[in-house]
Amino acid sequence: MSWLQIALTGVTSLKLHPWRAIATIVCQAAVLVPYIAGLGIAAGLARDAAVSLDAGADLYVTGRQFGRSVPMPLAAIQQIRQVPGVTAVVPRIVAPIALGREHHRAVVVGLAPEHMPHEAECVAGRLFRPGDMQELVVGSGLAARLKLEIGSYLPPFYHNRAGERVSQVVGIFSPDAPVWQANLVFTSLQTAAAIFDQPRMVTEALVYCRPGESERVAGRIRQKVEWQSADGAMRIGASVSDQAELGALCREAAAHRDGIFHLHCILACSVGILAVLVTSGYGSTERTREVGILKAIGWQTDEIMLRSASESMLLSLAGAAVSVWTAWLWLRMFNGYGIAGLFLPGLQRGEPVHVPFLLVPVPLLLAFLLAWVVVTSGSLYTTWRTAIAPPAAAMR
Amino acid sequence: MPLFETRSASKIYRRGGAREIHALDGVSLSIEAGACCALAGPSGSGKSTLLALLGALDRPTGGEVLFEGKTLAGLSDIGLARIRRRFGFVFQNFSLLPRLSVCENVSYPLVPRGVGRNQRRALAQRLLEPLGLADRLDDPAAELSGGEQQRVAVARALAAEPTALLADEPTSQLDQASAELLWATFDDLRRQGMTLIVCSHDPRFLARASQVIYVESGKLRD
């Protein structure tokens with residue numbers, strides 16, 4: 001078992017060059033920590049999206065005109081309710097809005113209070129009342145940015161044909177809700193319709209079906225549900241998306257975002273290899289002499305390479321462990337400050353929003369592999385070059 | 001059959017462009033097993049280069065070096081390493097691994113041979129005992145004095161039970177007392193029948209040597 005004895009000397013090899021080991025681990029961490037943190041956030045977002053989709057409706061129906069989504073009248077909701085296999089239909093209004101002098105981006109969601117998502121339970125205040133009451137429940141992120149509290153007014157919230165309207169914040173919902181709910185403004189269907197001055201219109205309908213019937217229901221809605229445009233000149237049909245289609249959309253968006261992130265990390269990795277090559281240069285004279293001494297006392301080149309590989313492996317393990325721990329700390333304690341914004345545009349510093357993250361085994365193994373590639377490519381070649389030289393030359 | 005032999009061995013170092021330094025020039029010699037051989041001569045005469053060639057630490061530019069009647073010329077890197085395992089080396093500047101303990105330094109030649117950690121430690125203790133360093137087993141080598149470090153180097157050279165001990169100016173950095181202690185150790189080894197080849201100016205060793213080879217300007221002098 002001489003190979004095991006040789007491999008174990010990799011530990012003593014670290015002891016011989018402690019500063020080089022520290023510099024190498026720091027270089028690895030500089031490359032790997034953002035990578036692990038980024039992959040952790042991406043995995044966390046994917047998990048949240050999957051959970052939201054699972055908990056959501058079977059079908060999402062909107063109007064379709066010239067290939068774009070358009071609002072649908074409440075009358076169309078009645079048509080959908082009559083489709084066989086449909087158990088429930090929840091009309092809702094989802095539309096972007098700019099708030100405050102700095103035009104903070106928010107999304108207004110109008111729906112009946114009993115259909116509020118359970119993740120968005122109020123931490124303060126109460127739910128809005130049904131009807132045109134101008135009552136709002138805002139996400140904690142938005143409340144922090146606009147300094148809104150229970151009872152705050154949003155003056156003037158909007159202008160429309162009915163004149164200026166002021167709305168009141170009656171609740172602020174949980175920061176534990178999925179991160180994209182942090183910038184939402186929940187209100188009643190009627191208030192939302194008034195905000196956008198679209199009475200008796202909704203942007204979409206959430207359709208719940210009997211088990212196993214969603215595909216058939218989707219087909220019937222596409223065939224049967226239609227309505228006339230406001231001027232009566234055009235027929236508008238319904239567009240139906242099921243969970244699988246929305247899931248595919250989520251994955252496509254995530255793959256695009258992750259791809260850009262991977263590209264950045266490959267560039268960082270290249271820089272990391274160069275940095276490790278530089279740190280390998282620290283004490284290179286001493287290391288060259290050390291290899292010469294080992295050869296003089298009877299070590300073979302392959303044994304020296306095994307010792308160096310073992311040292312690289314240990315450095316990789318140490319670097320990967322430090323990187324994973326630092327990334328976890330960054331995400332857990334500092335909420336992914338500085339990197340979360342890459343995945344969640346609009347997320348600002350100090351928002352009381354938990355950035356979702358999930359450190360899964362595959363990226364962690366990938367991180368270790370990357371660390372090993374970085375360290376090995378930085379040190380193994382230089383060791384081999386020295387080891388094949390005559391010992392007298394290496395020791396000179 | 002001599003243990004070591006060189007036939008017209010030469011070594012040329014190339015430094016910067018076409019500049020050549022003839023460190024050894026057509027040296028032929030033989031050293032019998034059990035000899036106590038001194039390589040003497042002024043500084044820069046080529047003694048250390050000759051010792052490196054005999055010890056398979058370097059390859060000659062011309063001629064050949066033989067060990068136990070077999071030429072080292074055609075040997076691969078692994079073959080040369082196996083030959084080196086039969087020698088113990090003591091260098092002028094000790095050549096220890098300073099951050100490692102005395103025990104680790106002494107036992108390092110045994111690692112590739114698969115000797116277990118406990119056995120290595122026991123052997124290191126046994127070798128260091130007569131050299132007066134058995135109580136310094138766990139100290140880092142860098143914390144020892146020059147004389148102590150050279151004794152550790154001797155213990156390391158003996159760890160693998162070599163056929164021959166090759167030493168390059170082993171006392172040049174030692175005080176009188178340490179040098180005397182080292183020569184006494186070499187006397188013991190000589191009595192045990194080990195072949196010693198030592199580069200040295202020290203008249204105390206030249207007086208002990210059974211064979212003295214004078215090297216001057218890369219050539220042997222009668």
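Which residues in helix 5 of chain B meet which residues in helix 6 of chain B? B:Gly146, B:Gly147, B:Gln150 and B:Val154 in helix 5 meet B:Ser178, B:Leu181, B:Leu182 and B:Thr185 in helix 6 of chain B. Two residues are in contact if their C-beta atoms, placed from the backbone, lie within 7 Å.

This is a predicted model, in which local features need pLDDT of at least 70, side-chain atom pairs count only at pLDDT 80 or more, and totals for chains, interfaces and linings use all residues. Residues are numbered from 1 along each chain as its sequence is written, while chains are lettered from A and ligands numbered from 1 in the order in which they are written.

Helix 5 (residues 146-159) and helix 6 (residues 176-191) of chain B pack at about 15°, with axes 9 Å apart. That makes helix 5 of chain B roughly parallel (under 35 degrees) to helix 6 of chain B. Their contact has 3 nonpolar, 5 polar and no charged residues.

The nonpolar cores join buried residues (20 or more other C-beta atoms within 10 Å of their own) through C-beta atoms within 7 Å.

| Core | Residues | Among its members |
|---|---|---|
| Largest | 81 residues | B:Leu39, B:Val106, B:Ala155 |
| Another | 45 residues | A:Leu111, A:Val170, A:Ala193 |

B:Ala155 is in contact with B:Val106, B:Ala124, B:Leu127, B:Leu128 and B:Leu131, leaving aside neighbours within four places in sequence.

Between the chains, the contact takes 23 residues from chain B and 23 residues from chain A. Helix 2 (residues 77-84) of chain B gives the most to chain B's side, with 4 residues.

How values were computed
Helix = DSSP H or I, 4+ residues; strand = E, 2+ residues; numbered from the N terminus. Axes fitted to C-alpha atoms, helices over the stretch in contact; angles between N-to-C directions. Parallel < 35°, antiparallel > 145°, perpendicular 65-115°, else oblique. Nonpolar A, V, L, I, M, F, W, Y, C, P; charged D, E, K, R; others polar. Buried ≥ 20, exposed ≤ 12 C-beta atoms within 10 Å, placed from the backbone.
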